[in-house]
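Please read it alongside the sequence and the coordinates.

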Amino acid sequence: MEDATAKVSELLHEAGEVHHTVFRIVDGVDEDWATWYSDWLVNLTELPSLLGTRPVRSELTYQLVRRDKE
């Protein structure tokens, strides 16, 4: 479990780096960042295989925003 948690953490960090690169023209500013993160994580990373299921993108978006607000 710790290994999977560490890998998910690494993916979230990588998502931040990639997002900042993609949005470099505005220095990473994106009001809808969570939608971008969730789409990238679900469709372009190994997150679904790490979790053993393909997360619903809207649920992942919700969870990212919720955690950010906490």
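Helix 2 and helix 4 cross in a right-handed sense. This is a predicted model. The two helices pack at an angle of about 130°, and their axes lie 8 Å apart. Helix 2 and helix 4 are therefore oblique to each other. Helix 4 covers residues 57-69.

**Buried positions**

Leu41 sits in helix 2. Is Leu41 buried or exposed? Its relative accessibility is 2%, so Leu41 counts as buried. Leu41 is 21 residues from His20 in sequence, and their C-alpha atoms are 15 Å apart in space.

Thr45 belongs to the loop between helix 2 and helix 3 (47-51). Thr45 has 14% relative accessibility and also counts as buried, because the cut-off for buried is under 20%. From Thr45 to Ser58 the separation is 13 residues in sequence and 17 Å in space, C-alpha to C-alpha.

**Nonpolar surface patch**

Which residues form a nonpolar patch on the surface? They are Ile25, Val26 and Val29. Val26 is found in the loop that runs between helix 1 (2-22) and helix 2 (33-44). With a relative accessible area of 39%, Val26 is partly exposed.

**Salt bridges**

Side chains of opposite charge can pair when their charged atoms come close. How many salt bridges does the structure hold? There are three.

| Residue | Partner | N to O distance |
|---|---|---|
| Asp3 | Lys7 | 3.5 Å |
| Arg66 | Glu70 | 3.5 Å |
| Arg67 | Glu70 | 3.2 Å |

Asp3 and Lys7 both belong to helix 1. They are four residues apart, so about one helical turn separates them. Lys7 is partly exposed, at 36% relative accessibility.

Glu70 bridges to Arg66 and to Arg67. How accessible is each partner? Arg66 is partly exposed at 35% relative accessibility. Arg67 is partly exposed as well, at 48%. Glu70 has a relative accessible area of 62% and is exposed. Through shared partners, salt bridges join Arg66, Arg67 and Glu70 into one network.

How values were computed
Residues are numbered from 1 along each chain as its sequence is written. This is a predicted model: local features need pLDDT of at least 70, side-chain atom pairs count only at pLDDT 80 or more; totals for chains, interfaces and linings use all residues. Side-chain values use heavy atoms; hydrogens and water are left out. Patches are made of residues with over 30% relative accessible area and no salt bridge: like charges are joined within 9 Å, nonpolar side chains (Val, Leu, Ile, Met, Phe, Trp, Tyr) within 5 Å. Accessible areas come from the Shrake-Rupley method with a 1.4 Å probe; for residues, only the protein chains shown count as cover. A salt bridge is a side-chain nitrogen of Lys or Arg within 4 Å of a carboxyl oxygen of Asp or Glu. Buried means under 20% relative accessible area, exposed over 50%, partly exposed in between (1.4 Å probe, protein chains only). Axes are lines fitted to C-alpha atoms, for helices over the stretch in contact, and angles run from 0 to 180 degrees between N-to-C directions. Angles under 35 degrees count as roughly parallel, over 145 as roughly antiparallel, 65 to 115 as roughly perpendicular and the rest as oblique. A crossing is left-handed if the near helix is turned anticlockwise from the far one by less than a right angle, and right-handed if clockwise.
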